[in-house]
Amino acid sequence: MNADLAFDRESLLGVLGPAGQSLTLPGEAYTSPEVFAWEREHFFDQSWVCAGRASDLAPGDRAAARVGSEGVLLTRDGRGTLHGFFNVCRHRGHELVQRGRAARAGVVQCPYHGWVYGLDGRLRGAPSMPDLDRDAFGLVPVRTGEWRGWAFVNVSGDAPPLGEHVGNLEELVRDHEPERLVLAASIDYEVGANWKLVHENYHECYHCSNIHPELCAVTPPESGRDFVPTGIWVGGSMDLRPHAATMSISGESGATPLRGLDDRRRRQVLYFGLFPNLLISLHPDYVMT
């Protein structure tokens, strides 16, 4: 399938215009099933996708996630190594761990027939099959990497190295040391929109004066600048107003500024979108994703 067939190439010319004159993608890019199928294949299955916080997986932990069209099981063995596997048993293909379910169990047991796997993926045991070659029936690995406390998965196994995908975003995120931080709060919700609209809304502040006056009270929507990426990301900065120490309703901070930030970084909020699915907001005293 060629996504170009979903809309006329001429309709893309406005997208390529100079800043201030360019347009968003044509409507079909957000509604066409053909375009979405192409994006799932190329952006979600053949690229690096964030599968959650790798730092939340302690030795002995396991967690299941959906990455593109595949179910993935992440584990961390006793030596601290992160592993990724397709989340299906080698016996009858049953799902091993339900999506979103995390546990510290030390092993992975299929709920159907009881096959047991170590956190390194090796088959430990199969009831009533003592002569089964355990080395031949381990879990099928999936390409996995870690960056700054997040776990990434490439289900096709043929994407460029994760470092190339991140590119110079590493230099901009490094000083906030998100890998050192622990979860303080989380909110789960579903957005009834195409995934690209979430990115677009996150990166434009044209709506901020009307929708987020509290935000504008601590950071001017016209402040900051865009950065030039070398990886698969977009983003830029916004400046804090003189009275504000961080982005909060009052502008006051109840926390210590992150230790790696210089005076300039302590006066900025940074917004980055690492494609296809990780949005990162870096603040002087906290990180939000």
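User: In this predicted model, is Cys-50 buried or exposed?

Analyst: Burial is judged from relative accessible area, and under 20% counts as buried. Cys-50 has a relative accessible area of 12%, so Cys-50 is buried. Cys-89 is likewise counted as buried, at 5% relative accessibility.

User: How many disulfides does a search of the whole structure find, and which cysteines does a disulfide join?

Analyst: A disulfide is a covalent bond between the sulfur atoms of two cysteines. The search finds one disulfide, and Cys-205 is joined to Cys-208 with an S to S distance of 1.9 Å. The link is left-handed, with -110° about the S-S bond. Both Cys-205 and Cys-208 are buried. Cys-89, by contrast, is in no disulfide; its nearest cysteine sulfur belongs to Cys-110, 3.9 Å away.

User: Which residues have the most contacts inside the largest nonpolar core?

Analyst: In soluble globular proteins, nonpolar side chains tend to be buried together. Here the largest nonpolar core has 19 residues, and those with the most contacts inside it are Trp-147, Phe-152, Leu-169, Phe-272 and Leu-274. Elements giving two or more residues to this core include strand S10 (150–154), helix H4 (169–173) and strand S12 (268–274). A second, separate core of 15 residues includes Phe-44 and Phe-86.

User: Which residues of helix H5 are buried, and what do they pack against?

Analyst: The buried residues of H5 (residues 195–203) are Trp-195, Lys-196 and His-199. They lie on the same side of H5 because they cover an arc of only 105° around the axis. These buried residues pack against helix H1 (28–31), helix H2 (33–45), S12 and S13.

Notes:
Residues numbered from 1 in each chain as written. Predicted model: local features only at pLDDT ≥ 70, side-chain atom pairs only at ≥ 80, totals over all residues. Heavy atoms only, no water. Core = buried A, V, L, I, M, F, W, Y, C linked by side-chain atoms within 4.5 Å. Buried < 20%, exposed > 50% of the residue type's maximum accessible area, 1.4 Å probe, protein only. Helix = DSSP H or I, 4+ residues; strand = E, 2+ residues; numbered from the N terminus. Arc of directions from axis to C-beta. Contact = heavy atoms within 4.5 Å. Disulfide = S-S within 2.5 Å.
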